[in-house]
Amino acid sequence: MTELERNHFLHDAWIVQLDSLIKHAENLRRDNVMKYKGKELEAFDVGLHLIVLLMNAMIKDIQTGEDKDE
């Protein structure tokens, strides 16, 4: 296995993991598992939304980095 192939494997693994975490965070937001109300719910929702945005940006960075390698 070459260095490039290994990097693509790791990139793919990270993308799969991040995608799974995004789905999990979206389920937490939708289901309100902690039964937050009012401002606590708003803060919980905003916090999870920021995490999802960060993970989406990480996926984009990984994919953009792959394009540069090719």
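Leu 54 is exposed, with a relative accessible area of 52%. This residue lies in helix H2 of a predicted model whose secondary structure comprises two helices and zero strands. Leu 54 also belongs to a nonpolar surface patch of about 530 Å².

**Nonpolar surface patch**

- Besides Leu 54, the patch is made by Phe 9, Leu 10, Trp 14 and Met 58.
- Helix H1 (3–31) and helix H2 (38–69) are the elements that each give two or more residues to the patch.
- The greatest share comes from H1, with three residues.
- Leu 54 counts as exposed because its relative accessible area of 52% lies above the cut-off of 50%.
- In soluble globular proteins, nonpolar side chains tend to be buried together.

**Nonpolar core**

- The largest nonpolar core has ten residues in all: Ile 15, Leu 18, Ile 22, Ala 25, Phe 44, Leu 48, Val 52, Met 55, Ile 59 and Ile 62.
- Both H1 and H2 supply at least two residues of this core.
- H2 gives the most to the core, with six residues.
- One of the core residues, Ala 25, touches Leu 48 and Val 52 when residues up to four places away in sequence are not counted.

**Loop between H1 and H2**

- Asn 32 is found in the loop between H1 and H2, and its phi is near 45°, a positive value in a residue other than glycine.
- Asn 32 counts as buried because its relative accessibility is 16%, under the cut-off of 20%.
- Lys 35 is placed in the loop between H1 and H2 and has a positive phi of about 55°, although it is not a glycine.
- Lys 35 is exposed, with a relative accessible area of 60%.
- Most residues other than glycine have a negative phi.

**Whole chain**

- Of the 70 residues of the chain, 20% count as buried.
- The accessible surface of the chain comes to about 5500 Å², and carbon and sulfur atoms account for 59% of this surface.
- Among contacts in the chain with a separation of 6 or more, 72% are between residues 24 or more positions apart.

Definitions and conventions: Residues are numbered from 1 along each chain as its sequence is written. This is a predicted model: local features need pLDDT of at least 70, side-chain atom pairs count only at pLDDT 80 or more; totals for chains, interfaces and linings use all residues. Side-chain values use heavy atoms; hydrogens and water are left out. Patches are made of residues with over 30% relative accessible area and no salt bridge: like charges are joined within 9 Å, nonpolar side chains (Val, Leu, Ile, Met, Phe, Trp, Tyr) within 5 Å. Accessible areas come from the Shrake-Rupley method with a 1.4 Å probe; for residues, only the protein chains shown count as cover. A salt bridge is a side-chain nitrogen of Lys or Arg within 4 Å of a carboxyl oxygen of Asp or Glu. Helices (H or I, at least four residues) and strands (E, at least two) are DSSP runs, numbered from the N terminus. Buried means under 20% relative accessible area, exposed over 50%, partly exposed in between (1.4 Å probe, protein chains only). A nonpolar core is a set of buried Ala, Val, Leu, Ile, Met, Phe, Trp, Tyr and Cys residues joined through side-chain atoms within 4.5 Å. Contact means heavy atoms within 4.5 Å.
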